[in-house]
Structures are given as C-alpha cells and as structure tokens.
Amino acid sequence: MPSIAKVAVNDATIHFDKLYSYLVPPELEPSVWPGGIVLVPFGQGNRPRMAVVIETEAGDDPEPRLKSLLAAAPEEAHLTPDLMELVRFLRDRYFCTWYEAVKAVIPYGAQYQPGVENGRPVVKSRMVRPVETIYTLTGTLPEKPKPGPKQLRAVEALRPGPRSRAELEELGISRATLDGLCKKGILTAQTRDRPLDLFGEVPFDPRPLTLSPEQQTACRLLEEDLTAGEPRAALLYGVTGSGKTAVFLRLIEQTLAQGRRALILVPEIGLTPQIIRRLKAMFGSRLAVQHSALSNTERLLQWRMIQQGNADIVVGTRSAVFAPLQNLGLIILDEEQEHTYQSESSPRYSAHDVAKKRAAMENALLLFASATPRTETYQAAVSGRLRLVTLQHRYGGRPLPTVDFIDMRAELAAGNPREVSARMAQALEETMDRGEQSILLLNRRGYRTVGMCQSCGHVLKCPNCSVPLVYHKPQQALFCHHCGHRISPVPTVCPECGGKMVYSGFGTQKVEEELAALLPKARILRMDQDSTGRKNAHEQMLARFARQEYDILLGTQMVAKGLDFEKVTLVGVLGIDSMLFGQGFRSFENVFSLVTQVVGRGGRAELPGRALIQTTVPDHPVLQLAAAQDYPRFYEQEIAFRRFSLYPPYCSFCVVGFSGEREPEVFAAARRFGQLLAERFASHPEQPLRMLGPTPMTIVKLNGRYRYKLTLKCRNDAPFRALLRSTLDAYAEEKLPAKAGVTIDFNSDGD
Ligand code: ADP
Ligand code: ZN
C-alpha cells in the first residue's frame, strides 16, 4: 500500500504556505517520515524544490494525478521530533512559513539543496563536511615477506591507539604505506568529522569558585529551581559588577553534576570570547560555540558535535537557542534586555520565548540576567511569575561609579565648538596620566552624519532608502548605513540648486580625530562596525585594550556592555540626546539601559570609577535615573507609563508590515488588510484589539521598497492568532495588485 507525504515547500510566502500531498515511491518509503527533508516536483513546470514532510498517511486510494517525491535527504538531516516541535512553535507564534522555520533551526551548512546527478534530480548538502581518516590497527604484520621499515613504523605508531592520517603523515608515514596495510587487512580506515577545537589554546585550569555571601544566597535560591524537576524561570537582577558570571559558573557546575547540559546565550559575538575562556578553564573542552562569526564549516562542525552529544555546554548568540542539546537543565540569557535577542527577519522570533518553550520541553531552569532588565521581565518577576533574585552590591564591596553631567548648552555658550567638551578632554588626560584607561561611548559611526545644502536645505539621502547618507572620511565617500549605497567623490555642491553642501553631525571617526588633536599623546582605539569588519578583529582589539596598549577605547554600543577591564576608571558618554527622542515605546528603556551599562564599565576592580555624560538636557529624568544607576526607580516610572499608555506588558504589540515598489499600492494593501482584520474582530467583540494605521514606517523607504504598517495592541493568544491567520488567508484570496509583501512582527517597538 503506497503512502502519502504532506509537505511544505521552500520559498513559500506566509499567506500562501499550504501543505501539498505527494506519493512516496517504494524505494523512498524507509526514509520518509514527519520531519524528513525531501525533494519534490513543484508547480506547473515540476521544478525540483526542497520541502519538509509534515505528516504521512496511508494512501489507500490515492488521487491518480498525485505526483511522487523525487528524493530524500539522508536520515541525519531529518528533523528530530524536538526540532519539529520548535518548527511548529515558530510557525504558530511568528507567522513564518514552515520552511523558514526549518532553516532557522538548522545551520546553513547542515541544510540541503536541489542538485542534479547523471541527469536526475537529487538532494545535495550545502557544504561538504570536512572529514578525516582514522586508522586502527586490527591485524599483525606477517613474517613473510619481510615487512619494510615504513610498514613497521606505521604499525608501531598505531600500537597505542587509532590515529588520523594527518598525524601519521606528520610522523613521515605516507598514505601509500597506509593504503597498502589496509589492503592486507592489517589496518582499517574510517572517516569521521574533523574535530575542531576553537579556543584550544585556553588551558584547562579549574579553580575553586569562592562566592560572596550575596552570590551564595542567589545560588541557593536558583539551585532550588534547578533541581525542581519541572520548568522554572527566574530573573537574576544584579547591579553592574555584582558578579553575575560567578553565579552562572556555579549553576553550570551544578547542572553538569546532575548529568544535564547547559546553554548560555549572550547578546553579541564580542562577548563570547570572555565567557568561553572562563568556561574552558573551568570545565574543559566539552564546550561548543554557535554564532554568526564562525565560518559555515566551523559552525557545522560545532553543531554536529552538539548533535552527537559531545558537548555539555553551548555558548552562542541568538540562534544558538536552537542548538540540538539534549537533556538540557539550564538556559541562561545574559543581558536579557538586548534587542539582538529578537530576530529581524523571518521567523521574527524572540530568543526569550523560544528559550521558554525549550525550558518547558526539558523541565529546565531558564535564567534571565541583567543590571537593567526589560520592563516586561522585571514586571513578571515582581508579580511572581518569575523568581526574582537580586545582587544589590558590587563584588568586593566596591562602590558604583560616581556620575556627573557636562551641560553642553554651557559649553556652547562658552564658545567651545567641539564635540568633546573641555571638561571631558581634561578628565581623559588626567586618567591617562595616572596610567588608567577610559571608555568613550558615541552611538553613531562615520565622520559626518548629515549633508545639507546651505541654500535650499536639501538633505543628501540614499536613492534606495529614506535616510541621510553618512560621510566616511577614510574612503572619502558617503554611505547609506542601511543598504550600503556609496557615493564618491563627496558632493560639494547641491544636486538640486547648485548651492554649497555643508556636512554636520558627528560620528566616531570625527571624535577620534578630535581626540587625537586634543590629546596628542593618547593612544586611541576606535571600535565600531567599520573598524571590526575583519574576522576576529573585535576580539583582538579588546585583547589589546586589556593589555593596556591603548588609553582610550572609543566606540558605539559595542563598547558599552558586558566588558570587564580592571584599569578602566573613566567612562564618557557623548551624543546620547537624540536617542531620548526616539519613536518607539522602548526608547527610554533603551537609553536608561545603555547609559547604566556603560557607566557600569568603570571602577570594576581596585580603582574607583567615575563617569561623565555630555548632554543638553541634564535634568531629563531618564538621564538622572541612569546616572543614579537606580533601576528600581526607573522601573516604577516606566511601568506607570506603560500602564497609562497601554503598552507591553499591558498588551501585546504587533506590527503588520507591508512593503512593495509602488507606494500607493502598498498603502492600499495595508488599508485593505486593516479592513479585513476589522471585519473579523467585529464578530469577536470578546477579543480586545486596538488598531492604528496604516501609517508609514519610520524609515518609509528601504532598499527601494516602500513600507507601511498597521499597529495592533492586542492579546496574543491562540484565538487572536487564528483571527490574524484567517485575515491573511482572505488577503491572499483578494490578489491585490500591489503584491505587497506582508510581515508580522511581535518584537517591534513601533519605531
Ligand atoms: P557583572 O556581569 O555582574 O557586571 P562580572 O561577573 O563581570 O559582573 O564581575 C565583576 C568583577 O568582579 C569581575 O572582575 C569578576 O572577576 C569579579 N568577581 C565577581 N564575583 C567574583 C568571585 N566570586 N570571585 C572572584 N571575583 C569575582
Ligand atoms: Zn540605502
């Protein structure tokens, strides 16, 4: 009896992602089951497409026109039931297609694609996995004919145990010799994944961890959750420098002692080396890494190591939340407030929610940690839905840095036209003269950030995106920071009226230049996306700063968080004001977090720290609270605002985005979608919904596409998602001329 596979195909759209039925030919029968990766003939031309099997059923009486599957990927490529559960979760929660979810949970290197072999369609792995040959001694050399010296040496080398071909070749034993011995049955050869020891140079050097009394109390509470045998979630709220890492290490130790595994997520690649070093030193090499700065090969090899059960600890950025670790006991999200935990392309998932799902599947403890938690997370903790564990003091009784404001209105009135104020420059110089280091934050890269015509006011914008072009001095060019569009040479006259172009606003390149003029002796390290482009540049720069090869570390938000340098005693903040006036409902939270975090980089060891904040609004309550590093009071204000204006956690916030090449069509599509949605909710008055729009997105044109949005304040439960899904179906039926792409985003803050 033939069977039928119901599959979802690659390259579908969210409003057209159906299951298609195919006959399973007898020769593929043993390798097709739900979660299987297969190749199907698709559409009128029967072009081969990748697909994932969602269900199988007996085909007693198959429809005669049913097409057959073309091929199936090997068993190791099929999704396990656990990964399939995550795929279903992603699709249900984030309105992505089935196959987008598949591509999110499997790294690129482990995916399959259509290919052709001997004129027949086949599935091909995207990458050839690097393997090595291992030789094992399985027989004895005969006395006659007398073995040669090469053969004797090979056998001797393999007597203590199997070795790889590369190791043997290093001993001067050739492949020909080895092949000869294999033929005689004296050796056997096997292939295996080439091992990859990232950070192999870090010595295994476990030292007992002595915790402060406060850290001990925190661990005791969290260990209750860790051993509960049911899903638990907690927030470790600890001021900067309180030693959250020490708490993590103790909990990981406990997790491994229970024979379970641990997953540690960090918000940025730059923070992985720090934690990897500590984990390697403490726990040895059963540690794998998953982040986007690895090459596809490295990533694949590490992933396979996890899949085969050879890693007890996984460290990585957002997508590591899908690492196929079994028997998970602990998931940590460090710096949980960071927006990098939210994916900006489909599936637009939040690592928080996926981690929660996994903790539920595995009866694990999910631990969020931060000095400035998201308002929603802290609210969940104070209301008892998460356990709240607090570290109120810095480790070793060190004080938090003192913070002063530099009022830039006064500076300007005193006739200082520079971006770096006289007081800031003086403080930097004094710090340097004492042999200490400074961190300077400016969250804008480039040299000049806007070019405007003096006569007609025309602003030079990207032709593809509705944003100003930024002047970069090293390349003598203007760049779009969104699509990379480049204009060179830099225009000196206005393309509209021929008037004179004036460039203003300042980025890290400009400040670097100013500092060099103000403090000629200072050794300045600039760190931003432009200076860290090369592989590992980031890590090398931080290592050199740690070795005190520089006096000042100047950079964008990548210098603000998580870093721990003992000689840093001064932190300066430049150009923060524009962030205070951002659009999204999270803008205050973001400024509070950024300032508190960067201030917290100072005075973490013996030497006390201080911070200076340049601003034209020194009395702004958010800056005042950040200066006081008083998160609980900030939270009180923020939660009152969220309740009053109806924002999360008092509702779910969902942005339905529309994009296309022709603006009126995009607008019309958004409006029609809004009507369809309103009709459906009208017959479900029990389902709360407030809809705003359509309105243009803050950046209305991006990469040549116009963008509009509907903003929904809703209750994100199953009935809500069902109504949204039925709206999508109705919208797909209408075949609007715009063919506007639709995206659904539960992570947006409306900006
Ligand atoms: P946080 O992440 O909370 O800002 P860290 O974990 O980076 O803080 O710790 C701050 C500093 O205190 C680090 O230099 C760390 O080595 C030190 N520290 C914290 N706890 C301990 C401990 N139990 N033993 C030794 N040093 C510690
Ligand atoms: Zn652009």
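Phe95 sits in the loop between α1 (81-94) and α2 (98-105), where helices (H or I, at least four residues) and strands (E, at least two) are DSSP runs numbered from the N terminus. In this predicted model, local features need pLDDT of at least 70 and side-chain atom pairs count only at pLDDT 80 or more, while totals for chains, interfaces and linings use all residues. Residues are numbered from 1 along each chain as its sequence is written, chains are lettered from A and ligands numbered from 1 in the order in which they are written, and side-chain values use heavy atoms, with hydrogens and water left out.

Although Phe95 is not a glycine, its phi is positive, at about 55°. Phe95 is also buried, with a relative accessible area of 2%; buried means under 20% relative accessible area, exposed over 50%, and partly exposed in between, with a 1.4 Å probe and protein chains only. Gln629, found in the loop between α18 (621-628) and α19 (631-645), likewise is a residue other than glycine with a positive phi, in this case near 50°. The relative accessible area of Gln629 is 11%, and this residue is therefore classed as buried.

## Cis peptide bonds

Ser346 and Pro347 are joined by a cis peptide bond, with omega at about -5°, and Pro347 belongs to the loop between β15 (328-334) and α10 (351-362). Another cis peptide bond links Gly693 to Pro694, with omega at about 10°; Pro694 has its place in strand β30 (residues 689-702).

## Surroundings of ligand 1

Ligand 1 is surrounded by 14 residues, of which the closest are Thr210, Gly241, Thr245, Asp564 and Arg604; a residue is counted as near a molecule or strand if one of its heavy atoms lies within 4 Å of it. Helix α7 (residues 244-257) gives the most to this shell, with 3 residues. The space that ligand 1 takes is the second largest pocket. On a 1 Å grid over the protein atoms alone, a pocket is an open set of points with protein on both sides within 12 Å along at least five of seven lines, whereas a cavity is a set of points where a 1.4 Å probe fits but cannot get out, and lining residues have an atom within 4 Å of a point. A molecule sits in either one if more than half of its atoms lie within 2 Å of its grid points.

Several polar contacts can be described, each a pair of N or O atoms within 3.5 Å; within protein, one must be able to donate a hydrogen and the other to accept it, and residues adjacent in sequence count only if both atoms are side-chain atoms. A polar side-chain atom of Asp564 is 2.6 Å from an oxygen atom of ligand 1, an N or O atom in the side chain of Thr245 is 2.7 Å from an oxygen atom of the ligand, and a polar backbone atom of Ser242 lies 3.3 Å from an oxygen atom of ligand 1. Of the 560 Å² of accessible area that ligand 1 has on its own, the protein covers 78%, with areas from the Shrake-Rupley method and a 1.4 Å probe, and, for residues, only the protein chains shown counting as cover.

## Cysteines and a buried strand residue

With a disulfide defined as a pair of cysteine sulfur atoms within 2.5 Å, the count comes to 0 disulfides. Cys714 is in no disulfide, and the nearest cysteine sulfur, that of Cys654, is 5.5 Å away. Cys714 is buried, with a relative accessible area of 4%, and Cys480 is buried at 3%.

Leu554 lies in strand β26 (residues 552-555) and is buried, with a relative accessible area of 0%. Leu554 and Val571 are 17 residues apart in sequence, and their C-alpha atoms are 10.0 Å apart in space.
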